[in-house]
Amino acid sequence: MSATSTSNDALLLRQAVNLAHANRLQGGRPFGAVIARRGVLLASGVNEIHTHNDPSAHAEMQALRTATTARQNPSLAGCTVYASGHPCPMCLAALVMAGAERVVFAFDNQDAEPYGLSSEASYQRLRLSLAPPPLPIERVDTGIAAAQLYGDAPWPDAPRV
């Protein structure tokens, strides 16, 4: 992977994390996702379970719906999905079925567990293993701590009072 692609990954992933933070501030769950092709943003989404009363309205699913509708094509071939958290089994399955090229995420299930936001139990209940993963999936550091997104630690861009 080139330095440019790594730099773009960090920027796009930070955008997903920023969306997750904004969604949390608006009363939603702290999850955001963006979909890009060759570094160009195609779509974004946040977890909207609370507004739609739809258990499938996860950030990755919302971004997938927006991207495939805009492209008028159900395929995410050549696309990278940037997710604030490790995708749950439903989201990961949908991304695999849509042909996403890879997933880049900021926080894993161990990070989310102390805040009651881990999807690890779903993987276990469905008897699913991520070894080997069904598509390339990589964790990238955004410089944001889990406690800043999921907990009460101050957000790094917040003005000091």
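Predicted model: local features only at pLDDT ≥ 70, side-chain atom pairs only at ≥ 80, totals over all residues.
Hi everyone. Let me start with a definition: a residue is buried under 20% relative accessible area, exposed over 50%, and partly exposed in between, with a 1.4 Å probe and protein chains only.

Residues are numbered from 1 along each chain as its sequence is written, and side-chain values use heavy atoms, with hydrogens and water left out.

Now, the sheet. Helices (H or I, at least four residues) and strands (E, at least two) are DSSP runs, numbered from the N terminus, and two strands pair if DSSP finds at least two bridges between them. Here five strands make an open sheet with mixed pairing, in the order β2-β1-β3-β4-β5. Which strands stand at the edges? They are β2 (40-46) and β5 (137-139); each has a single partner strand, so one side of each is left without a neighbour in the sheet. From one strand to the next, the twist averages 20°.

Helix α3 (residues 59-71) lies across β1 (32-37), β2 and β3 (79-85), and runs at about 135° to β2. For angles like that one, axes are lines fitted to C-alpha atoms, for helices over the stretch in contact, and the angles run from 0 to 180 degrees between N-to-C directions. Contact, in turn, means heavy atoms within 4.5 Å.

Strand β4 (residues 102-107) pairs with β5 in the parallel sense, over three bridges, and V104 stands opposite E138 in β5.

A salt bridge here is a side-chain nitrogen of Lys or Arg within 4 Å of a carboxyl oxygen of Asp or Glu, and the whole structure has five of them. In one of these, E138 meets R102, with the closest N and O atoms 3.6 Å apart. E138 lies in strand β5 and R102 in strand β4, so the pair ties together parts that are 36 residues apart in sequence. R102 counts as buried, at 13% relative accessibility. D9 joins R102 and E138 in a network of salt bridges.

What about R139, also in β5? R139 forms a salt bridge with D108, the closest N and O atoms being 2.8 Å apart. D108 sits in the loop between β4 and α5 (109-112), so this pair ties together parts that are 31 residues apart in sequence. R139 is partly exposed at 41%, whereas D108 is buried at 18%. R139 also meets D111 in a salt bridge (2.5 Å, N to O).

Staying with helix α5, N109 lies there too, and N109 counts as buried at 8% relative accessibility. Leaving aside residues up to four places away in sequence, N109 touches H86, S118, S119, E120 and Y123.

Last stop, the aromatics. Rings of Phe, Tyr and Trp (its six-membered ring) pair if their centres lie within 6.5 Å; planes under 30 degrees apart count as stacked, over 60 as edge-to-face and the rest as tilted. The structure holds three such pairs. One of them, F31 with Y150, is tilted, at 6.1 Å centre to centre and 50° between the planes. F31 is in the loop between α1 (3-25) and β1, and Y150 is in helix α7 (residues 146-150), 119 residues apart. Thanks, all!
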